[in-house]
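Here are some notes for a colleague who is opening this entry for the first time. They begin with the chain as a whole and then turn to its parts.

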Amino acid sequence: MKWETVIGLETHIELSTASKVFCSCGTKFGGEPNSNVCPVCLGHPGVLPSLNRQAVEFTVTAGLALGCEIARVSYMDRKHYFYPDMTKAFQTSQFHAPLCIGGSVTLSSGRTIRLNHIHLEEDAGKLIHDRGRTLIDYNRAGVPLMELVGEPDLRSAAEASEYLELLQSIVRNAGVSDCRMQEGSMRCDVNVSVRPEGSETLGTRTEVKNLNSFASVRQAIEFEVSRQIEVLESGGRVIQETRGFNAASGETASMRDKENSDDYRYFREPDIITVRLTDADVERLRSALPETPQARAKRYVAESGLTESDAALLSKYRKVAEFYDVAAKVNAKLAASFILTKLFAEVSTEVAREEWNLKFDAAAFSELVALTDSGTLSRDAAKRVLSAMLETGRSPQSIVERDGIGGAVNVDALCTAAIADNPAAVRDYLAGKEKALQSLIGAVMKASKGQAPIEEVKSALLRAIDAH
Amino acid sequence: MARIANIQRMLTSGECTCRELTLRYLAAIDSANADLAAYISVTRETALATADAVDAKLRRGERLAPLEGVPFSLKDNISTRGLETSCASNMLAGYKPAYDAFTWELLKARNAVLLGKANMDEFAMGSTCETSRIGGAKNPHNIGYVSGGSSGGSASSVAANLAAYSLGSDTGGSVRQPAAFCGLLGLKPTYGAVSRRGLIAFASSLDQIGILAEDSDDARAVFQVIAKPDALDMTSRTLPNLAPELNRTIGVASEFFTGVSPDVEQAVRNAIDTFERLGYEIVPVEFPLLRYVLPTYYILACAEASSNLGRYDGIRYGFASDMYDDIDDGISRVRSEGFGAEVKRRIMLGTYVLSSGYFDAYYKKAQDLRHAIKRQIEDNVFGRCGMLLTPTVPTNALKIGANLSPVEIYGTDICTVTANIAELPAVSVPCGNDSAGLPIGVQLIGSAFSDAALLDAAADFERATDREFVANLDMGVRV
């Protein structure tokens, strides 16, 4: 029998707000355990939550970037369970009235993967099991988290992986999260089932929780699919359950029975007032939304004639794209080439490219592109100037003029000098001897150690002779 | 009358220093508290340090701020940084909060002299104060009777002159009922008028910090200080008008008089006559949904309590257990041993009404009823009247150890819970005595944010009756 795989993903993404969702503690990753806590995120008796407006707006921004409907009225609910990672024995979340409804992403195959909704909630603390003891770090408790609940529209591990990458790039681009799976700011639960090809009904699903890398997601799905097919083909029955994933072995194992699962006893959080958004609020956030990476890549191909792969690379990181956009106004192909060859070689990790913390800004980069575009700098010279900029953060003009770093040349100055030093050649040229110009060009090229762009030298010499 | 004004006059005139006055209160507590159990802990050092600061200020010739230098008590569920706040529960015995409740911050900033934490029913669940881990606070009018609950210690401390006033909390009548039993004025403000930050939650949508005082003048002085907006309590609301005009039309609904003891009925009828003599217009109104207020209240309150009290697991603070097999076993041991019977009863009720399969039948219905009750009060009462007058408690004062069943006990809240369900302000004023000589209260429920107008009506009533019903007790510090 041929089997069809059905996958739905629940993706948790921590929002990069300055403070936690209900208190003023910071949200920075790392730090000494329990150094970033207060009575509110520790759930001490009598504390009250104060909903972070930025967390609401970030969730809405992500929703808008994913094409969701934005609820004008929503509220928070309490989701109850006893586990030491949750200081109040309930997680403040959204169950009845989430902020964002619907939405979708489109895979490269053209298939649309629907979202059910996106809701806002708080992250939990972290349990560390150590030599028979369990230690708890609440630094992460109360960091705002959005959960993107996908419909079971995915059909393979490869699709699931592409879907996650799309979510990651769209949410990052929207500027609301760094989406780092390795740091836990993006995590994923997968729901997997199989059914006979052509069947309309869903098979019994299993849920694999807390996957924190693309590889784990793919492995967990592949393992579950073959495990479930094996169970069914040997006449067995898939049990609806939560399974854990062991990254070392690449296998999943039963954790607990979903049929006897926790009853979360959801009810509306009475300490947090209704979240109301006006049309104007939503429009403000919509208009602040940056272009999506996909739209941007298309534009780069159409407007500047970049190759699709170059366009995709440049548009992947929002800060890189914004940096490129400024210089592309001068010369798109030069700007793209400098970024993709020179700068990406220096800024090589994903994280560094996302952060794009250079010592110089887009305006300085544009200036360099302009100097190259005008022929003042050769491409090789430009790359040497760029190296100096990366190192010192100084402007290309100052590097060229004052330091001459990288063999940069001032063509006009060299031409003026050559004319002054060779009055005979000038006279010969003015008398009609074309070859005399070649000896002047030769003198300039010699003085610039071969770095001056020859066409530029020629026209500069002609201008200088006219003015002479 | 007007203890707060008297104390501030004594301090300003130099009749006594704040330290002397505070020492007199502390001595009175030392001698009376063994019998009354009004205080669960006494904050002697804090009180004296504050008193010295007040005396220094007076020596510099500075004027006193409102409530400055006036000794008071705080219910044991209002958080005081570094000072035990146990909710009268073994679960929190020895627990010292890391932060101050907003109301305590406001009072501390004015050098109000905190004498100690007042006894209460465990986690404010009870109507007699008897669920406290140290046993109930007694009624100073007759120590064979309960002080009421849950703010029993607050009422006992003020009635016995062991505090000038007290802050309690009122989720279903916990300020007004003990005020009625102990012959005091009890104010439950409009929901949101006073910040709940630092009040250890019982039922968040119903809880409100309230005031127990000798009379309306004192209650007004305290209310003006604590009714401040708090940016960190999202349900805190600014009073639209600090001195709303008093609408002198009083609605009386017959439903509130069924099942009321003859003593209470007589005293409350007399109060109605008094208001009529004062020129108030008495209008009959109907409130047929009254028969649903208790089930509505107990479903909502228990549901929220089961959620709010989930955090007591012994892991981070409070009662802990060393002997357990695994984390689930540890948490259930802590909760089985740390909570008393009434708290566990309500947690179980609340867990039940929220569980899947029962949610719609109980919690959702109760929410729907809450909206209907609010609407009916709005339409039937405040469409025509400024206030609704009812008995505060349908029964005479309760004897200690009467061992009523939970349902009988819950029934005594019938008149008070409506104000919590509808988020309205309500005040209880002494209006008579029962056959055993214990005080009876009459309740006025106002429209939202008419708190000050309710105190105006209470003041009219006090002037007309001269508080003749309340025996002057020869104990504590008379000021």
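1. In this predicted model, chain A holds 15 helices and 17 strands. Its radius of gyration is 30 Å, whereas the globule rule gives 23 Å for 468 residues, so chain A is more spread out than a compact globule. Taken along the principal axes, the box filled by the C-alpha atoms of chain A is roughly 100 × 60 × 50 Å.

2. The domain assignment divides chain A into domain 1 (3–284), domain 2 (291–407) and domain 3 (411–467). Between the centres of domain 1 and domain 3 of chain A, taken over C-alpha atoms, there are 69 Å.

3. A helix pair in chain A deserves a look: helix H5 (residues 293–304) packs with helix H6 (residues 308–316) at an angle of about 140 degrees, and their axes are 8 Å apart. Because angles over 145 degrees would count as roughly antiparallel, this angle makes H5(A) oblique to H6(A). The crossing in which H5(A) passes H6(A) is right-handed.

4. On the H5(A) side, that contact is made by A:Pro293, A:Arg296, A:Ala297, A:Tyr300 and A:Val301, while H6(A) brings A:Glu308, A:Ala311, A:Ala312, A:Leu314, A:Ser315 and A:Lys316. By class, the residues of this contact between H5(A) and H6(A) are seven nonpolar, one polar and three charged.

5. Chain A also meets chain B, with 24 residues of chain A in contact with 33 residues of chain B. The side of chain A that touches chain B has 13 nonpolar, six polar and five charged residues.

Methods. Residues are numbered from 1 along each chain as its sequence is written. Chains are lettered from A and ligands numbered from 1 in the order in which they are written. This is a predicted model: local features need pLDDT of at least 70, side-chain atom pairs count only at pLDDT 80 or more; totals for chains, interfaces and linings use all residues. Axes are lines fitted to C-alpha atoms, for helices over the stretch in contact, and angles run from 0 to 180 degrees between N-to-C directions. Helices (H or I, at least four residues) and strands (E, at least two) are DSSP runs, numbered from the N terminus. Angles under 35 degrees count as roughly parallel, over 145 as roughly antiparallel, 65 to 115 as roughly perpendicular and the rest as oblique. A crossing is left-handed if the near helix is turned anticlockwise from the far one by less than a right angle, and right-handed if clockwise. Two residues are in contact if their C-beta atoms, placed from the backbone, lie within 7 Å. Ala, Val, Leu, Ile, Met, Phe, Trp, Tyr, Cys and Pro count as nonpolar, Asp, Glu, Lys and Arg as charged, and the others, Gly among them, as polar. Domain bounds come from an automatic or database domain assignment. The radius of gyration is taken over C-alpha atoms; the globule rule is 2.2 Å times the number of residues to the power 0.38.
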